[in-house]
Amino acid sequence: MKTLLLAAALAATATDVLAQSYPNRPIRLIVGYSPSGAADLIARVVAEAMAKELGQSIVVDNKPGAGSTLASSLLWRAPADGYTLGLATATLYGIDQHLYKVKYQPTDFTPITRFTVSPLVLAVNKDLGIASVQDLVARVKAQPGKLNYSSSGIGGSPHIAGLTFEKAVGGQMVHIPFKGGAPAVQAVAAGDVQLSFGTAASVLPMGRPGTVKMLGVTTEQPSAVVPGLPTLASQGLPGFEFSFWFGLFGPAQLPAEVTQRLYAAATKALADPQVQRKLLETGNEALGSASPAEFDRWAASSGREALERIKDANVKVE
């Protein structure tokens, strides 16, 4: 009995020491997407602000590949000491396991907090003769399976947004995945595909000058990310809502004290007006979580919903 009590006391002391000294060296933040994309920009903006609060640098490490599962696998294998973190989204909660041969489960990670929730932008080829969402819906219904839509990859948010749109309008399109959001929208501009649901970071550089035509945002309410652009819900698709998010995760069994330290640093960073402005400039809206536990519940619900859409459409990775 004394041995057990001594072991418990030593473990508690070690945890306290870890919490008091953490962090004492740079932190690695793994991002499963290419540099300059939405996830990368979010990671760098928030990491810079968190680093000031933590007193240690946070190094963003881009590891794109296999629908971001390469990065998630690296995080899964990392020590649970708070020095390796990951930026992830709803795919972590079921889609990864459904589409790819991964060994991890959602429970193999420690949710810390949400960073952002943002709309996607529906963009079409400017020479398509489609001026509104109603025009697009009519075209999809009149020509089932004839229109192609691009995305940043199978199972990602732009792909799921396309599936959601198909279900909402009762029509079919053909999904063409690309390796990233920018090339997916470039394909729209070139006429290789007819439309895309892209992040603001991918769409706005070509949407603002009119290289592609922006029809609307996918959130139910207008977004400050693209001021003045109407929602799909207000253009004949009442109740249509789709948003994508990114959040901060650690490996499983991350010490509660370390999780709370990271949560507090991220919460303070996201409340900074300069951080909010920078995120908005990259096409994202800062929106933290009430607690790590609340984030876990919310993210799991979002992940289940996304997985259902993938399963309903019988999506598979070829």
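## Terms and basis of the model

The model is a predicted one, in which local features need pLDDT of at least 70 and side-chain atom pairs count only at pLDDT 80 or more, while totals for chains, interfaces and linings use all residues. Residues are numbered from 1 along each chain as its sequence is written, and side-chain values use heavy atoms, with hydrogens and water left out.

The domain assignment of the chain gives domain 1 as 27–117 + 243–313 and domain 2 as 118–217, with bounds that come from an automatic or database domain assignment. The C-alpha centres of the two domains lie 26 Å apart. Between them, 19 residues of domain 1 are in contact with 14 residues of domain 2, where contact means heavy atoms within 4.5 Å.

Domain 1 and domain 2 bury about 1200 Å² between them, and 64% of this is on carbon and sulfur atoms; buried area is the accessible area (1.4 Å probe) that two parts lose on being put together, summed over both. Of the area that domain 1 buries against domain 2, Phe244, Arg309 and Ile310 supply 39%, more than any other three residues.

## Polar contacts and contributing elements

Five residue pairs, both at pLDDT 80 or more, are in polar contact between domain 1 and domain 2. A polar contact is a pair of N or O atoms within 3.5 Å; within protein, one must be able to donate a hydrogen and the other to accept it, and residues adjacent in sequence count only if both atoms are side-chain atoms.

On the side of domain 1 that touches domain 2, the elements giving two or more residues are α2 (38–54), α4 (95–99), β4 (109–125), β9 (243–251) and α11 (292–312), where helices (H or I, at least four residues) and strands (E, at least two) are DSSP runs numbered from the N terminus. The most comes from α11, with four residues. By class, this side of domain 1 has 10 nonpolar, six polar and three charged residues; Ala, Val, Leu, Ile, Met, Phe, Trp, Tyr, Cys and Pro count as nonpolar, Asp, Glu, Lys and Arg as charged, and the others, Gly among them, as polar.

## Backbone features in loops

Tyr22 and Pro23 are joined by a cis peptide bond with an omega of about -10 degrees, and Pro23 is found in the loop between α1 (2–21) and β1 (27–31).

Ala66, although not a glycine, has a positive phi of about 55 degrees; Ala66 is placed in the loop between β2 (58–62) and α3 (69–77) and is partly exposed, with a relative accessible area of 43%. Buried means under 20% relative accessible area, exposed over 50%, and partly exposed in between (1.4 Å probe, protein chains only). Gln253 has a positive phi near 65 degrees, is found in the loop between β9 and α9 (256–271), and is exposed, with a relative accessible area of 74%.

Thr84 lies in strand β3 (residues 84–88) and counts as buried at 10% relative accessibility. Leaving aside neighbours within four places in sequence, Thr84 is in contact with Arg28, Ile30, Leu75, Ala78, Gly250 and Pro251.

Ser152 lies in the loop between β5 (148–151) and α6 (157–169) and, at 30% relative accessibility, counts as partly exposed. Beyond neighbours within four places in sequence, the contacts of Ser152 include Phe178, Lys179 and Gly180. Ser152 and Ser202 are 50 residues apart in sequence and 9.8 Å apart in space, C-alpha to C-alpha.
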